[in-house]
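Please walk me through this protein model, starting with the chain as a whole and then moving to its helices and a few of its loops.

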Amino acid sequence: MTKPSLPELLHAAVAAVGGTERPGQVSMAEAVAEAVDDNAHLLVQAGTGTGKSLGYLVPALAHGERVVVATATLALQRQLVERDLPRTVDALHPLLRRRPQFAMLKGRSNYLCLHRLHEGAPQDEEEGLFDQFEAAAPSSKLGQDLLRLRDWSDETETGDRDDLTPGVSDRAWSQISVSSRECLGATKCAYGAECFAEAARERAKLADVVVTNHALLAIDAIEGAPVLPKHEVLIVDEAHELVSRVTGVATGELTPGQVNRAVRRAAKLVNEKAADALLTASEGFERVMELALPGRLEEVPEDLGYALMALRDAARTVISALGGTRDKSVQDEDAVRKQAMASVESIHSVAERITQGSEYDVVWYERHDRFGASVRVAPLSVSGLLREKLFADRSVVLTSATLKLGGDFNGVGASLGLAPEGTAGDDIPQWKGLDVGSPFDYPRQGILYVARHLATPGREGSRTDMLDELSELVEAAGGRTLGLFSSMRAAQAAAEDLRGRQDKPVLLQGEETLGELIKNFAADPETCLFGTLSLWQGVDVPGPSCQLVVMDRIPFPRPDDPLMSARQKAVEEAGGNGFMAVAATHAALLMAQGAGRLVRAMGDKGVVAVLDPRLANARYGSYLRASLPDFWYTTDRNQARRSLAAIDAAAKAAQ
């Protein structure tokens, strides 16, 4: 029997998921197949509606080697494992004459821990263990969540938190889960044979396709201890998110509360001298943090340096003592010891990293209204790490609807550690960029309106002209508005203002769960939804409920963001344009994602309104506009209102 061709396989898969074959999807599948066969690297921009999941799954499954697919969002992981992969495997089975296996793999803390569930969580205040089920009042929210988790543990096959519907609070989940550092290990644990996390790892070892998240991919790359099974092909979907997720995993933090918990956990398990030294160091650190003012620390202040060295040295002593003593009076000592060790090791590693003072790290103070001050450390750049760890031993395909910024892939490529496309050299990963376009006719389906007449937004102060403009646009659109704001304060002010002017319902992020807000927004065309960062990327509402997307201003990083400003400065010191490489790239990526909320289906029409004149007037405006979908462009406010009114009238007539 001859080997089936890629077009045959793609046709069968598209038919199985009830989709429509798109030219962009075919181009993407061919490019992915070529990259995988040649052990090469590929960046693919595939617009909304292209069907990019099948564009990479079909050639990957046809290749026959093990593939890891890493995504940023839970929604896409679910779509792949519950819909796309089962149907695609069924469709390809007769043609490939084999049935590829697939599995989902997440970090250990995403799975219910049977040891924690049955033996209880080690507690700081109590001797030994503490039964959280008895301690929490059955009528309290925590008590109800814990009882539901206990019932769920008897019926779940995966133990995966995301399979629990409705979900539970982080506080409840933390009572029955452990981090990888706190885990006893399958061989030492009484429940090792039934462990959900271990079962997920075993399934992943046997699977042809392993679906995971960016965070686990980052841990696998950074920490050196492999958590993902060996694989020949890596596909990173939602790749525009990868750098920020890797940065998050590589960021360390120390707070007085965290250090105090470690002191309490370790105190009963080590000699008095070691415990007292850690307590004294903890008190010294807390005194320094009481005076901490938010902002970057170009050099570690002397008082913080001394406090961190004392913490580091005391933590090292406690780690040695924890390893060498046993105390039979402590119930379930192994679990208590493992939790204490994890807490103290975390403090030691962050304190040591900051005191070593690498030129490649950025250190800063943060102050939170609820949790007080913290000191944080993050890599100045993750590009070198990604180049070395990601592109070395496998073919890598990175895909997203937004990878081409300002007209090319080099900006995103540089953030991933890649030299400009076509650069030759022995140690330089070779890659190609491909834009397969979108099935949507953006110039006919959407308008980009820039409110050129408004005042340039300042850092503080109310923008009454912007609020007037917003109200007029919402009125013309008949509601149907997704408002994307650069800060929560701006979103709240706009929601409050609009609620005072109009009778259209305005939903505000934070007043309900995100899922509930989006569901209510989609259900009623007159409703508006206002919010900040997660709405710029996480909303998929095709149809008449979302026909106006408003951005209050260009979403540059805040000038006082320590990490972003440090990265900008580093580019400038190396002779580059820091503003364009960091701030403008950040803004372009978010704006491209935000504008992508408008047209989600073939029949969608609407307006993206940017209430920031800099998009029309500033020199960098053309770079930002080139990063957006190719909408029809205008700065005429009357034209924008007329178009919105016509779209509103057509939607009402179609109801």
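Of the 655 residues in the chain, 52% are buried, where buried means under 20% relative accessible area, exposed means over 50% and partly exposed is in between (1.4 Å probe, protein chains only). This is a predicted model, in which local features need pLDDT of at least 70 and side-chain atom pairs count only at pLDDT 80 or more, while totals for chains, interfaces and linings use all residues. Residues are numbered from 1 along each chain as its sequence is written, and side-chain values use heavy atoms, with hydrogens and water left out.

Let's look at the whole chain. Its secondary structure comes to 27 helices and 20 strands; these are DSSP runs numbered from the N terminus, with helices (H or I) of at least four residues and strands (E) of at least two. The radius of gyration is 27 Å, close to the 26 Å that the globule rule gives for 655 residues, so the chain is as compact as a globular protein of that length. That radius is taken over C-alpha atoms, and the globule rule is 2.2 Å times the number of residues to the power 0.38. Along the principal axes, the C-alpha atoms fill a box of roughly 75 × 70 × 60 Å. Among contacts with a separation of 6 or more, 76% are between residues 24 or more positions apart, a contact being heavy atoms within 4.5 Å.

Now for some helix packing. Two packed helices are described by the angle between their axes and the distance between the axes. Axes here are lines fitted to C-alpha atoms, for helices over the stretch in contact, and angles run from 0 to 180 degrees between N-to-C directions. Helix H3 (residues 52-63) and helix H4 (residues 74-96) have axes that come within 10 Å and cross at roughly 45°. H3 and H4 are therefore oblique to each other: angles under 35 degrees count as roughly parallel, over 145 as roughly antiparallel, 65 to 115 as roughly perpendicular and the rest as oblique. The residues that make this contact include Leu54, Leu57 and Leu61 of H3 and Leu80, Leu85 and Leu92 of H4. By type, the contact residues of H3 with H4 are eleven nonpolar, three polar and one charged. Here Ala, Val, Leu, Ile, Met, Phe, Trp, Tyr, Cys and Pro count as nonpolar, Asp, Glu, Lys and Arg as charged, and the others, Gly among them, as polar.

H4 also packs with helix H1 (residues 6-16), at an angle of about 145° and with the axes 8 Å apart. Among the residues in this contact are Leu9, Ala12 and Ala16 of H1 and Arg87, Ala91 and Leu95 of H4. The contact of H1 with H4 has eight nonpolar residues, one polar and two charged.

Finally, visit some loops. Asn39 lies between helix H2 (23-37) and strand S1 (41-45), and its phi is near 55°, a positive value in a residue other than glycine. Arg480, in the loop between helix H19 (464-477) and strand S15 (481-484), has a positive phi of about 50° although it is not a glycine. Are these two residues buried or exposed? Asn39 is partly exposed, with a relative accessible area of 49%, whereas Arg480 counts as buried at 1%. In the loop between helix H7 (141-155) and helix H8 (170-174) you will find Pro166, joined to Thr165 by a cis peptide bond with omega of about -10°.
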